[in-house]
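Look at the model, then read on.

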Amino acid sequence: MAARMEAPRTIEPWIIHGPLARSRTEPAGAVSPAWLRDLEERVIAGADFWTIADDLRIEGLHQGDRENGETSPIAFVELVYELLRISIRTGALASGTPLIEAEIGDALAVSRTPVREAMQRLSADGLLSRRKRGWEVRKLDMIQIRESYEVRMALEGFATAQAAIRASDAQVAEIVAATRSRASLGFEDVAQRLTTNRELHGLIFAASGNERLIELIKRNMQYYFAHRFAQFVSREEAALFQRQHELIADALAARDPREAESVAREHVKSTYLAFEKFYKLL
């Protein structure tokens, strides 16, 4: 009698099956520290780089981050790096702006060493380029931006598919709640739309349970003029982005990685097409 053949096992193409420590499904750093959230809020609210640098020097923020009554030191290089990175991403430091290490060090009351290290990291991120005296905010190159968005389509789509498989029920519920909450925001509330958009995507990526993937996504999410771009987005485009967020949340709730990845890719593509129109006006 012929041996009975077993039906082939269904293999998910988005993950490698096997033991995964529970702590790995909730990557460290999913929630930004208080000092970083404060920087983001100041810049998104419209404060310019030099004003914030002056405030930080007076406040002595780099001496420690206070949260829940506790104080922990902030590395100078992290402070310089994050302030410059956020300022560039939001357009507070425009394309072509010259950056002199000594001037930035004086503004923040730090030595040139952490400033130089921060500049090198920003250069590796593709946000700065060398000039005769120091650095400058890298000029926009639409080809490079398109390539970056294509990489984002792959990485963020994959992460969203993983989230559909690996996210805990609590994580899915949090993502669904955050998505619904964004629907109540007014179109004119640009700062809140920016902040909640970042937080929502952070929740989705964290639910993928893959710290290396999350780090790669962060590196490829460096973009210019976030605040100005958000102001340029039309009501129709904002509604489309929200609808795509809702479809992603639905796919995660349904544990459907194929649909989750498809909508996530389409969402990144839609964002690029809107940015492409914005770029032509710069």
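Q: Which residues line the largest cavity?
A: This is a predicted model, where local features need pLDDT of at least 70, side-chain atom pairs count only at pLDDT 80 or more, and totals for chains, interfaces and linings use all residues. Residues are numbered from 1 along each chain as its sequence is written, and side-chain values use heavy atoms, with hydrogens and water left out. A cavity is a set of points, on a 1 Å grid over the protein atoms alone, where a 1.4 Å probe fits but cannot get out; lining residues have an atom within 4 Å of a point. The lining is E156, T160, H201, I204, F205, I248, A264, H267 and V268.

Q: What is the volume of the largest cavity?
A: A volume is the space filled by probe spheres set on the grid points, which are joined across faces, edges and corners. The structure holds 1 cavity of 30 Å³ or more. The largest cavity has a volume of about 50 Å³.

Q: How many nonpolar, polar and charged residues are in the lining of the largest cavity?
A: Ala, Val, Leu, Ile, Met, Phe, Trp, Tyr, Cys and Pro count as nonpolar, Asp, Glu, Lys and Arg as charged, and the others, Gly among them, as polar. The lining divides into 5 nonpolar, 3 polar and 1 charged.

Q: Which helices each supply at least two residues of that lining?
A: Helices are DSSP runs (H or I, at least four residues), numbered from the N terminus. Those that qualify are α6 (142-166), α8 (190-206) and α12 (257-279).

Q: Are α8 and α11 roughly parallel or roughly antiparallel?
A: Axes are lines fitted to C-alpha atoms over the stretch in contact, and angles run from 0 to 180 degrees between N-to-C directions. Angles under 35 degrees count as roughly parallel, over 145 as roughly antiparallel, 65 to 115 as roughly perpendicular and the rest as oblique. α8 and α11 (residues 235-253) pack at about 25°, with axes 12 Å apart. That makes α8, relative to α11, roughly parallel.

Q: Which residues of α6 and α11 make their contact?
A: The two axes come within 8 Å and cross at roughly 40°, so α6 and α11 are oblique to each other. Contact means heavy atoms within 4.5 Å. The residues are T160, A163 and A164 of α6 and I248, A251 and L252 of α11.

Q: Is the crossing of α3 and α5 left-handed or right-handed?
A: The axes of α3 (residues 76-90) and α5 (residues 112-124) come within 8 Å and cross at roughly 45°. A crossing is left-handed if the near helix is turned anticlockwise from the far one by less than a right angle, and right-handed if clockwise. The crossing of α3 and α5 is right-handed.

Conventions
On a 1 Å grid over the protein atoms alone, a cavity is a set of points where a 1.4 Å probe fits but cannot get out, and a pocket is an open set with protein on both sides within 12 Å along at least five of seven lines; lining residues have an atom within 4 Å of a point.
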